[in-house]
Amino acid sequence: MRLLAVVKRTKYTQKGKGAFEGSSSKTPLPLTAILYTQKRFVNPPFAIVSRVFCTQVYMALYSGLSLDKLMPVDIILFNEQWRSYGESYAFPPVDAIFVYCERTGDVVRLEGQVRIPSGCAVAAVISRAGKVMSGEKIITAMKPMHDRSNGLGGGYAGYGIYPEYRDFYAFHLFFNDNTARKQCEQLLKEGYEVVQAELIPTRQVAAITDAPLIWRYIVQPLRSCLERVQLDEKEYVTRTVMKINTEHDGANVFSSGKNMGAFKAVGFPEDVGAFYRLDEYAGYCWTAHGRYPTNTPGWWGGAHPFTLLDYSIVHNGEISSYDANRRFIEMYGYKCTLQTDTEVMTYIMDYLLRIQSLTLEEAAAVIAAPFWSTIDMMNDQEREKLTYLRAVFASLLVTGPFSIVLGFSGGLMALNDRLKLRSMVVGEKDDKVFIASEEAAIRAMEPDAENIFAPAGGEPVIVRLEEGSY
Amino acid sequence: MKRIFVNEKWCLGCRLCEYYCAFANSGEINMVKALKDKPIYPRLRVEDDGGVTYAVSCRHCTDPLCVRSCIAAALSVDAGVVTIDRDRCVSCYTCILVCPYGALAHDDAGVVRKCELCLNNAIGQPACVAGCPNRAIVYEER
Amino acid sequence: MRIEYVYPEFEVVRNEARCIQCRVCERQCANEVHSFDPDTGLMLSDESKCVNCQRCVALCPTRALKIVKSDCALRENANWPQGLIKEIYKQANSGGVLLSSMGNPNPLPVYWDKILINASQVTNPSIDPLREPMETRVFLGKKPAKVERDEGDGLKCTLAPQLTLAMPVMFSAMSYGSISYNAHESLARAADALGIYYNTGEGGLHEDFYRYGQNTIVQVASGRFGVHKDYLAAGAAIEIKMGQGAKPGIGGHLPGAKIVGDISRTRMISEGTDAISPAPHHDIYSIEDLRQLVYSLKEATEYKKPIIVKVAAVHNIAAIAGGIARSGADIIAIDGFRGGTGAAPTRIRDNVGIPIEPALAAVDQRLREEGIRNQTSLVVGGSIRSAADVVKAIALGADACYIATAALLALGCHLCRSCHTGKCNWGIATQRPDLVKRLNPDIGSERLIRLMTAWKHEIMELMGGMGINSIESLRGNRLMLRGVNLNEKELEILGISHAGE
């Protein structure tokens, strides 16, 4: 027997201060949640509640999956109240949180706490000459691949989009409510000079619903803080991101690089692009993603790209080595809070490239390592190097199918798993290089694209801006 | 030519080879029926001096003294294998006397019997080799 | 004749209609159970001597024999199981500590059997190892926390000494003395052919086997038997044995009767002297002392060999392992309480220590929490019984597994658990020359190679099913495991979810 909380999800409205409307949702959503044992829950165990905009909580004795003993316990207005309720009434610890779907009456698990296997579409374009392109172009690429996603997640990363703030970090955050925002802003103010704070401009798109608060902060770490904690700037920013994502309920940093930004939402990628008004941004490199979570609805935090600092990853595939990778990378300060396997890939790349200072080629040789049979046939120098990398970073080998595009300041890298179990093609035209799950997407961006080829499994395609081009 | 070799290092003296040999050459398909309550006449014998044990059987010499000495031409070399035509054997036992290895003997009818590598029975390959639990008897080219 | 108080445990059932009186059973039984009665022409049996090793059963050419558990039973008593009562009789007879061999036979939980493995469906293709590469190579040893570069910005590819395994399984420590020369030769040759390692145990290394040094782990135990510079230099790695799963907290005792000839020479003790390993290393009373021994051994071998520290799984194993990891050890070996032994006091074997599964899970998690998991490799043993156990152990977090009982079974052991009598009818746990010769290393090594090859195939099949094509992607990948019939606490310690979650 386990005690279980069921949260009833309803539409969020901003009626009054932090209030939630009762169970009056007119468009109930198909929802999913995950069984959570209390031990693995962040403390307090109710943190997740705010993230799903819940209003009603039921307690139930849980045995098996039978939920017929549901008892409504209270209507929770918002996060703080839940907490105070918990403290003052010694609210019993919760073993599991489920989401109640009004439309079907089903009680299902909450996404965002479980790794979601997914099929997807990826696309990218970069101008080697550093010429900027409107986000319109990459949105075009996603249209012919509509059927590769299912409307439950889409996103973009643009590089070079904030030239006026190129030396500042641009944080993009989702907030569930203004309380979460204020808490988070307090944290930022303590460690950063906040140059600008604003709602990210969006446009009304019928298909995009249930948007959280989406804010952008242009910030610079305070020198005094850096000196006090004796960290370099990037590590400092990384820790801030991890802190917010793990400890701040209802807040999620989904972009934290310089002169770049990620934009993501639940919806089809073309709708997401329109929602974020990407046509109004100009960047020298864009990556995009359409999501096809296989058995769960998407949620905003789970959409791609997954980013940390300047690194962004869009990914099509499923990582069978996920838990091996996760448990390794979490030794080094990363926390996989979004539980989508792509997230771990972002941290792996940050760890290998930033912390371990590997080259892109070396990092590719870690996550999509050549087979031993290949390594054993190499010349002494190469063999020694690849053996070293595989031995030292054995737990960062990524198995299972994947095609990824890693974006970073000044370039991108496309990579397939070593068996090439996911499609990916590369083409070029003049100064531009195009990458996509399907050739159709490349043709949509550039009908006259040339030199189209499918890179072999484990063969990284690295494109960098020409020296001094940007 | 493949021959039977014995490695006394691994011979356990269990004598299973004798029983498998006797069974193989009995013409029976059931070992119990072939051997129960009967004296056995295997074509190899385990010698035991108290310390070392060793299965002795025909070496299939290239120039066999037994064949040379057989007065009835019962023994002959057939593709390297020393074989015996038991119908021709007159039980003079000259072969038993001349064999330097003591690899020949006679059965209850007095007719000489010897190892023919199981090539002339239903088994088709040496039963002692297959039956040895410790690979002390091997059938191989050397 | 003294009254024994108990009816023999086993009965020899001889099918007289089948028995051809070949007397193989008589010749092969070192316990002298069988005898031939020339007067009646029949075989006789003395069941009281039978240990149910099944040697006679296996060799009987007409399958006329079977050994069955006697149905002569004491009056049923749930509080006093028969085994316990018989042990009381034995102790009342002998006045001594009861001795047992091999692993704990009691019905304690085997967590491996309550853990199930995942497979890919739809979203992720499973991989067919017959068609695609499937990698099982493992490196054991210290990995750097930070990579270094030379002046030319190239990677400095020098690693601390590593053991390279073609598959994540090694033969665990069994000393020359506790097992026979031929058993050792079988293990050494098989390890050599398989690209893995075997372990000398604490009895030194016979000079004939120095040639297999590339695939040998030499052990240094509290008795320091057979330890000298050439011995240390001969192996690929050195293992400091702090404890053993079957008998945590106590040393070893090889009776003087077994210290003869080569064994005496290899152990470097006089013939006929008892070989007594003290319970602790008398130069290691704390973790800092262990560090000194680790570095002494590294100095003695010029930092060319990884040092393994082997400990028994005991209650605070996670903290102990953390200490060992920081002592300079390159590899930690943990031996669970179901692990085997050539001889151990029964009470110790059956009551001391903890199972390997929670021990492994706790140690792996602890080392990760301390951020030092990649600096040490983890090898686990103590009843790894099949390829599935190996896969589960790797997914829980082990780098490789030690097997010993499974290897002995491949050599012919029938788990009669009478090693301590020295009369092993299968030529394994004995030094009697007539018995030792029953294990032909040509056969023994082949059987070990076949067993390990079979396991390797099975490991690859299981990995492929999960969509994993390299063993390192399985290591610590606990999402690939689910528990059944485990309570919350057990699941929490194992770090796995329940089936259905």
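**Helix packing and backbone details in a predicted model**

Asn451(A) sits in strand S22 of chain A, which covers residues 450-453. The model is a predicted one, and in it this asparagine has a phi near 50°, a positive value in a residue that isn't glycine. Asn451(A) counts as exposed because its relative accessibility, 52%, is over the 50% cut-off.

Stepping back to the chain as a whole, chain A contains 13 helices and 23 strands. It has 470 residues, and 61% of them count as buried.

Helix H6 of chain A, residues 233-247, is a handy place to look at helix packing, starting with its pairing with helix H4, residues 178-191 of chain A. The axes of the two come within 11 Å and cross at roughly 165°. That angle is over 145 degrees, so H4(A) runs roughly antiparallel to H6(A). The crossing of H4(A) past H6(A) is right-handed. On the H4(A) side, the contact is made by Cys184(A), Leu187(A), Leu188(A) and Gly191(A). H6(A) brings Tyr236(A), Thr240(A), Lys243(A) and Ile244(A) to that contact. Sorted by class, the residues where H4(A) meets H6(A) come out as five nonpolar, two polar and one charged. An α-helix has 3.6 residues a turn, so residues three or four places apart point the same way.

H6(A) also packs against helix H9 of chain A, residues 341-355, with the axes coming within 12 Å and crossing at roughly 165°. Here too the angle makes the pair, H6(A) and H9(A), roughly antiparallel. H6(A) passes H9(A) in a left-handed crossing, whereas H4(A) passes H6(A) in a right-handed one. For the contact with H9(A), H6(A) uses Lys234(A), Glu235(A), Thr238(A) and Met242(A). Tyr347(A), Arg354(A) and Ile355(A) are the H9(A) residues involved. By class, the contact of H6(A) with H9(A) has three nonpolar, one polar and three charged residues.

Chain A also has a cis peptide bond, between His304(A) and Pro305(A), with omega at about 0°. Pro305(A) lies in the loop that runs between strand S15 (285-293) and strand S16 (306-308) of chain A.

Over in chain C, helix H11 (residues 387-396) is mostly covered, with nine of its 10 residues buried. The buried residues of H11(C) are Ala387(C), Asp389(C), Val390(C), Val391(C), Lys392(C), Ala393(C), Ile394(C), Ala395(C) and Leu396(C). H11(C) is followed by Gly397(C), which has a positive phi near 140°. Ser383(C) is partly exposed, as its relative accessible area is 22%.

Note on methods. Residues numbered from 1 in each chain as written. Chains lettered and ligands numbered in written order. Predicted model: local features only at pLDDT ≥ 70, side-chain atom pairs only at ≥ 80, totals over all residues. Heavy atoms only, no water. Axes fitted to C-alpha atoms, helices over the stretch in contact; angles between N-to-C directions. Helix = DSSP H or I, 4+ residues; strand = E, 2+ residues; numbered from the N terminus. Parallel < 35°, antiparallel > 145°, perpendicular 65-115°, else oblique. Left-handed = near helix turned anticlockwise from the far one by under 90°. Contact = heavy atoms within 4.5 Å. Nonpolar A, V, L, I, M, F, W, Y, C, P; charged D, E, K, R; others polar. Buried < 20%, exposed > 50% of the residue type's maximum accessible area, 1.4 Å probe, protein only.
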